[in-house]
Amino acid sequence: MTEQELQQYLLSKYPKENEECEWKEFKNMKNDFNGKEKDDVISYVSALSNMEGGHLVIGVVDNTLEIVGTNTYNYDRQKAKLRMTDLCANLPSEGLLVEEFITDDSHKTVWVIHIPKHMKRRPVYAHSKAWQRLDDSLVELTDSRLNVILDEQDSAYDWTAQAIADATIDDLAPDAIMLAREGYKQRYPKFAKVCDSWSDKVFLDKACLTIDGKITKTTLLLVGKEEKAHKLNHIAQIVWKCFQDG
């Protein structure tokens, strides 16, 4: 694309600077990639990663996104990525991407570095300091932001909701499904009549015992055949048994 087209494209994708986006001229990667702390590529990578991740647009004028281009020196995109992970302690490599644009008319190079969010409880460092964006400046990570990162909790993992790849409806016990139908009709009496017309596959989805037809560990725990419990692939196997009086 031409220089003007690239400018319009960047304005549409990255219309303003904020905690997730920075525009920087950085005309020469020899000096600007790993140069003066708080004013080089790796400092901004640290700052954006220590928030929610974001985008660093290089080779443009602040405010206007006028294309000035950057001299990538001896960096290609892969080498730049490797150097960032090497120079920025704790920076995740997954999601880290360098996108390169070269204008057709003026042959100017612009980089957009897509920066992933920091890993849980692990701030990202550059020049042995963790950075963050505050208004229009970079500052060392504040105590409040550091505490937020260090106090992050792991997202809940629902073991029972995981689909079992090799499980099929044949692994389920018909009498257990029948019992589940009765319970469903008692819980939702307005569906009592139509429930009997549903196939087992439809019923299991509507009762949230399967997810889009997939047999989950919940499915196998509640309505699975006892001899199929090994498919849970878990040391502690829970088996539900139903007993009838008489």
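Me: Before we start, what does contact mean here?
Reply: Two residues are in contact when heavy atoms of theirs lie within 4.5 Å. Please also note that this is a predicted model.

Me: Good. Which residues does Arg145 touch, leaving aside its neighbours within four places in sequence?
Reply: Arg145 is in contact with Asn50, Met51, Glu52, His118 and Gln132 once those neighbours are set aside. Arg145 itself belongs to helix H5, residues 143–150.

Me: Is Arg145 buried or exposed?
Reply: Arg145 is buried, yet it has no salt bridge. The nearest side chain of opposite charge is that of Glu52, 4.2 Å away. A salt bridge requires the nitrogen and the carboxyl oxygen to be within 4 Å.

Me: What does the side chain of Arg145 reach, then?
Reply: It reaches the backbone oxygen of Met51, at 3.2 Å.

Me: And Glu52, which residue does that form a salt bridge with?
Reply: Glu52 forms one with Lys117, and the closest N and O atoms are 3.3 Å apart. The pair links distant parts of the chain, 65 residues apart: Lys117 is in the loop between S4 and strand S5 (125–126), and Glu52 is in the loop between H3 and strand S2 (54–58). Lys117 counts as partly exposed at 35% relative accessibility, and Glu52 counts as partly exposed at 47%.

Me: How many salt bridges are there in the whole structure?
Reply: The search finds 12. One of the pairs is Glu3 with Lys108, whose closest N and O atoms are 3.5 Å apart. Glu3 lies in helix H1 (residues 3–13) and Lys108 in the loop between strand S3 (97–102) and strand S4 (109–115), so this pair ties together parts 105 residues apart in sequence.

Me: Changing topic: how many aromatic pairs does the structure hold?
Reply: It holds eight. In one of them, the rings of Phe26 and Tyr44 have centres 6.1 Å apart and planes at 65 degrees, so the pair is edge-to-face. Phe26 lies in the loop between strand S1 (21–24) and helix H2 (29–32) and Tyr44 in helix H3, so the pair ties together parts 18 residues apart in sequence.

Me: Are those two buried or exposed?
Reply: Phe26 is buried, with a relative accessible area of 7%. Tyr44 is buried as well, with a relative accessible area of 6%.

Me: How many residues of helix H3 are buried?
Reply: Nine of its nine residues are buried, and the helix, residues 41–49, is mostly covered.

Me: Last one: which charged residues lie over the face of a ring?
Reply: Lys79 lies over the face of Tyr75, 5.8 Å from the ring centre. Arg187 lies over the face of Tyr188, at 4.9 Å from the ring centre.

How values were computed:
Residues are numbered from 1 along each chain as its sequence is written. This is a predicted model: local features need pLDDT of at least 70, side-chain atom pairs count only at pLDDT 80 or more; totals for chains, interfaces and linings use all residues. Side-chain values use heavy atoms; hydrogens and water are left out. Buried means under 20% relative accessible area, exposed over 50%, partly exposed in between (1.4 Å probe, protein chains only). Helices (H or I, at least four residues) and strands (E, at least two) are DSSP runs, numbered from the N terminus. Rings of Phe, Tyr and Trp (its six-membered ring) pair if their centres lie within 6.5 Å; planes under 30 degrees apart count as stacked, over 60 as edge-to-face and the rest as tilted. A charge sits over a ring if NZ of Lys or CZ of Arg is within 6 Å of the ring centre and within 35 degrees of the ring normal. Lys and Arg count as positive and Asp and Glu as negative; His and the chain ends are not counted. A polar contact is a pair of N or O atoms within 3.5 Å; within protein, one must be able to donate a hydrogen and the other to accept it, and residues adjacent in sequence count only if both atoms are side-chain atoms.
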